Amino acid sequence: MEQNRKEGIGKKGIIDKSDTFCIIGAGPAGLTMARSFRDKNIPFVVFEKHNEVGGIWDINNPGSPMYESAHFISSKYLSNYFDYPMPNEYPDYPSNRQILNYHRNFAKEYHLYPYIRFNTFINKITQSGEKWLVETNAKEMYLFQGIVCATGITWSPNQPRLKGEDTFLGQILHSVHYKSPNLFKGKRLLVVGAGNSGCDITCDAATNAEQAYISVRRGYHFIPKHILGKPADVFGDGAHWIPNWISQLVFGKLLKFLVGDLSKLGLPKPDHKIFETHPIINDQLIHYLRHGDVIAKSDIDYLDKDSVVFKDGTKEKIDLIILATGYNWSIPYMDEKYFEWKSGRPDLYLTLFNRNFENLYALGYMETDGGAYKMFDEMANLIASFINAKKNHHPSALQFEKLIQKDQPKLNGNIQYLNSGRHSVYVNQVAYRKYRSKVQKKMGWPELKTGQFNRLKTYDPISLDNGSILGVSK
């Protein structure tokens with residue numbers, strides 16, 4: 001009976017990989033998922049649209065938001081994959097090129113390359129019974145047991161329209177198109193948005209543009225990259241035992257002492273407590289504001305030919321506007337019906353498990369207040385543990401399925417994040433780890449252990465090439 005089913009699929013031109021999981025994307029989330037599947041002997045294949053691993057960290061990857069000066073905003077000490085530290089020679093905050101090399105070395109060391117099919121776009125993924133049909137840009141059709149979406153959240157630029165932009169004589173670009181500060185030579189530049197990328201780009205403009213401005217709609221807390229000589233995240237990491245409300249109080253006062261009153265530099269005062277928004281890790285912008293290389297402006301009212309009029313009534317001549325206005329989250333290769341979207345974010349149990357469709361997972365569709373890669377490893381381990389429990393008909397699988405359906409944990413660590421789309425799935429790292437660990441322990445699924453991946457470094461995986469892993473010629 002099973003053989004006949006497979007033969008029928010073959011006649012339809014569908015390649016049967018119904019015992020295999022499909023990972024979409026070979027960026028950080030996809031790579032950590034691949035390592036976890038290898039560790040637990042779960043058959044898998046990775047599809048990657050680009051010709052190399054690294055996701056957004058490859059500036060040559062079409063659509064990547066990377067730019068030449070980009071560095072990590074969290075330090076190397078707390079941002080590495082589990083049991084795979086960044087090289088000692090890396091600085092506290094590595095460059096985008098160093099991070100890219102780190103990912104590629106990770107993929108080499110754990111022998112992940114043979115499992116990745118490069119230069120392969122996914123046109124469409126649809127459910128087929130209890131399995132999933134995957135159609136590639138080569139018009140190949142595969143039947144997989146399950147899907148892990150790991151394509152990330154910074155591929156669909158959010159580009160709002162500005163009043164009067166049709167008559168604006170200058171140029172308007174989203175930050176995704178910014179790569180090099182050479183773009184700013186001789187220009188009067190306005191950056192819109194004070195997220196971490198917006199601040200970085202403004203700093204590039206400070207030393208390259210004729211004059212740089214930054215338009216800030218609301219006030220933010222700016223955290224220096226180093227506090228008392230330590231990277232900011234390392235400094236704060238030792239205080240996780242302190243209740244968050246005390247940390248907010250103490251750290252807020254410390255910031256006032258270290259940074260001062262930023263309203264004197266033209267920045268609006270924050271309308272929220274520290275940690276209630278995604279942190280802005282940048283002290284370089286403050287330096288340029290204090291030296292006049294950057295001038296802070298209020299929100300834009302409208303564009304007037306060669307100028308921008310701001311809501312405080314001031315007006316500046318501007319040649320180029322960079323919209324550092326973020327990204328819309330999307331999973332473009334799947335119909336929206338497969339995910340329940342709320343405030344532009346997929347509603348998933350623990351940001352990973354689809355509540356309505358079996359064997360459909362997402363990794364990396366969340367934001368948090370620290371380094372994400374170790375979290376990705378722990379999340380991937382949870383997904384893989386659940387898959388193995390189902391495969392082995394372990395009672396914990398049914399227990400966990402009930403949690404997926406009904407459990408609605410609060411993962412904010414009692415911090416009242418701003419009521420915005422961005423923060424609708426924002427998680428406090430400590431609160432998330434504690435809750436995930438509690439659930440995992442209840443299921444009887446082991447936590448990650450130092451050294452458990454070592455055998456993957458020396459064990460040579462299947463010798464088949466990418467194409468034959470998928471059952472087709474390359």
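Between domain 1 and domain 2 the count of salt bridges is zero, a salt bridge being a side-chain nitrogen of Lys or Arg within 4 Å of a carboxyl oxygen of Asp or Glu. By class, the side of domain 1 that touches domain 2 has 14 nonpolar, twelve polar and four charged residues. Here Ala, Val, Leu, Ile, Met, Phe, Trp, Tyr, Cys and Pro count as nonpolar, Asp, Glu, Lys and Arg as charged, and the others, Gly among them, as polar.

A word on the source. This is a predicted model, where local features need pLDDT of at least 70, side-chain atom pairs count only at pLDDT 80 or more, and totals for chains, interfaces and linings use all residues. Residues are numbered from 1 along each chain as its sequence is written, and side-chain values use heavy atoms, with hydrogens and water left out.

Where do the domains lie in the chain? Domain 1 covers 14–155 + 328–456, and domain 2 covers 159–325; the bounds come from an automatic or database domain assignment. Their centres, taken over C-alpha atoms, are 30 Å apart.

Now the interface. Contact (heavy atoms within 4.5 Å) involves 30 residues of domain 1 and 28 residues of domain 2. The two domains bury about 2,400 Å² between them, with 55% of it on carbon and sulfur atoms. Buried area is the accessible area (1.4 Å probe) that two parts lose on being put together, summed over both.

That is the picture between the domains: zero salt bridges, and about 2,400 Å² buried.
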